[in-house]
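Keep the coordinates open as you read.

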Amino acid sequence: MVDPITWKEDRVLLIDQTRLPAEEVFVEIATYQDMAQAIKTMIVRGAPAIGVAAAYGIYLGAREIQTGDRGEFLSRLDEIAQLLGSTRPTAVNLFWALDRMLKTARETALGVEHLKEVLLETAKTIHAEDLQTCKAIGDCGLSVLPANPDKLNILTHCNAGALATAGYGTALGVVRSAWSAGRLTRVFADETRPRLQGAKLTAWECVREGIPVTLISDGMAAHCMQRGMIHAVVVGADRIASNGDTANKIGTYHLAIAAKAHNIPFFVAAPLSTIDFKLASGAEIPIEERDPAEIYQVGETRLTPVGVEFYNPAFDVTPAAYIAAIITEFGAFAPADLNQLREKQAV
């Protein structure tokens with residue numbers, strides 16, 4: 001597995017996901033402004049990975065604050081968090097990590113310089129916890145995957161793997177655990193237009209680890225289901241409302257509809273931190289819209305005629321009724337049962 005985020009001496013190393021699979025290049029991040037830009041431009045992406053990156057971003061910003069006054073320090077830290085929080089509005093792990101870092105700062109009764117050290121250790125803890133959380137998600141996923149056939153073909157969408165987390169994956173964490181347990185035959189990966197995270201990132205991870213993978217275009221999924229080629233669908237999530245409605249990469253919703261039509265279980269794999277209990281339903285989840293150039297050109301080549309209008313939402317919301325279970329580090333839950341986890345998130 002690749003380590004998409006690494007703390008090294010006094011800076012963060014991020015694998016530049018915009019340059020995969022052609023080049024495996026790491027970017028050095030030494031300021032919170034650079035971290036905000038890396039999140040916004042998708043050098044780092046995937047809700048859990050964004051949360052880890054943002055936690056380090058808070059520390060990078062904290063160490064730049066030149067004051068010994070605690071009140072002034074906390075005020076400036078809030079401003080840094082606001083900048084980091086403005087980068088990707090849909091991914092709730094971003095805000096969860098920022099809130100945890102700010103809460104640590106407010107509740108730690110130390111001088112400013114010692115407080116900065118505590119913030120770095122908290123960011124490292126968030127990083128380590130995410131890796132363990134994803135491994136637990138992978139193991140919990142084994143309990144709900146179909147028992148028949150013994151060898152499964154799993155379809156996934158976008159990239160919810162090592163690159164999208166601290167290094168193991170949510171949806172691909174389930175895939176990895178199934179592969180290790182000898183229960184997986186093949187991964188089918190949607191290419192995931194318009195940024196092709198399935199084609200570029202999921203396929204790259206699978207090939208790197210020797211997991212058999214077949215790439216299909218987004219429009220082929222229902223056909224493959226109809227042919228009996230898919231036994232389960234497992235996707236990640238960027239935000240889950242308290243009723244189980246789930247925001248994930250655009251194209252997830254129609255995949256869930258197709259799975260329902262073919263009696264194929266559709267699973268969401270995500271850490272508890274991705275559940276936003278403040279939201280009653282998916283209608284309240286903010287949906288990021290991105291640059292239309294992602295649709296109309298590849299590299300410098302324009303694909304569409306001038307004069308066409310564009311709509312480029314980065315995410316869609318899958319209603320809870322289409323989701324068989326939400327797989328967390330605490331087990332797999334039917335969407336209607338998510339409230340059982342509310343107290344655990346408050347701890």
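Where does Leu196 lie? Leu196 sits in the loop between E5 and H7. Helices (H or I, at least four residues) and strands (E, at least two) are DSSP runs, numbered from the N terminus. The model is predicted: local features need pLDDT of at least 70, side-chain atom pairs count only at pLDDT 80 or more, and totals for chains, interfaces and linings use all residues. Residues are numbered from 1 along each chain as its sequence is written, and side-chain values use heavy atoms, with hydrogens and water left out.

Leu196 is not a glycine, yet it has a positive phi of about 65°. Its relative accessible area is 22%, so Leu196 is partly exposed. Here buried means under 20% relative accessible area, exposed over 50%, and partly exposed in between (1.4 Å probe, protein chains only). Pro194 is in the loop between strand E5 (184–190) and H7. The peptide bond from Arg193 to Pro194 is cis, with omega near 5°.

Two other loops carry backbone features. The peptide bond from Leu20 to Pro21 is cis, with omega near 0°. Pro21 is in the loop between strand E2 (11–15) and strand E3 (26–29). Glu9 has a positive phi of about 60° although it is not a glycine. It is found in the loop between strand E1 (5–8) and E2. Glu9 is exposed, with a relative accessible area of 71%.

Now take helix H3. At 1.5 Å a residue, its 16 residues (70–85) should span 22 Å, and its end C-alpha atoms are 22 Å apart, which agrees. The expected span is 1.5 Å times one less than the number of residues. Which residues of H3 are buried? They are Phe73, Leu74, Leu77, Ile80, Ala81, Leu84 and Gly85. Seen down the axis, the buried residues of H3 fall within an arc of 130°, so they line one face of the helix. The arc is that of the directions from the helix axis to the C-beta atoms. What covers the buried residues of H3 includes helix H1 (32–40), H2, helix H4 (92–107) and helix H5 (112–142).

A search of the whole structure finds 2 cavities of 30 Å³ or more. On a 1 Å grid over the protein atoms alone, a cavity is a set of points where a 1.4 Å probe fits but cannot get out; a pocket is an open set with protein on both sides within 12 Å along at least five of seven lines; lining residues have an atom within 4 Å of a point. Grid points are joined across faces, edges and corners, and a volume is the space filled by probe spheres set on the points.

The largest cavity has a volume of about 200 Å³. Its lining has 26 residues, and Arg45, Gly46, Ala47, Asn159 and Asp238 lie nearest its centre. Helix H2 (47–62) and strand E9 (246–249) are the elements that give two or more residues to this lining. H2 gives the most, with 3 residues.

The second largest cavity holds about 60 Å³ of space. Its lining includes Pro194, Arg195 and Glu294.

The second largest pocket has about 440 Å³ of space. It is lined by 18 residues, of which Pro194, Arg195, Leu196, Lys200 and Glu294 lie nearest its centre. H7 gives the most to this lining, with 3 residues.

Methods: Contact means heavy atoms within 4.5 Å.
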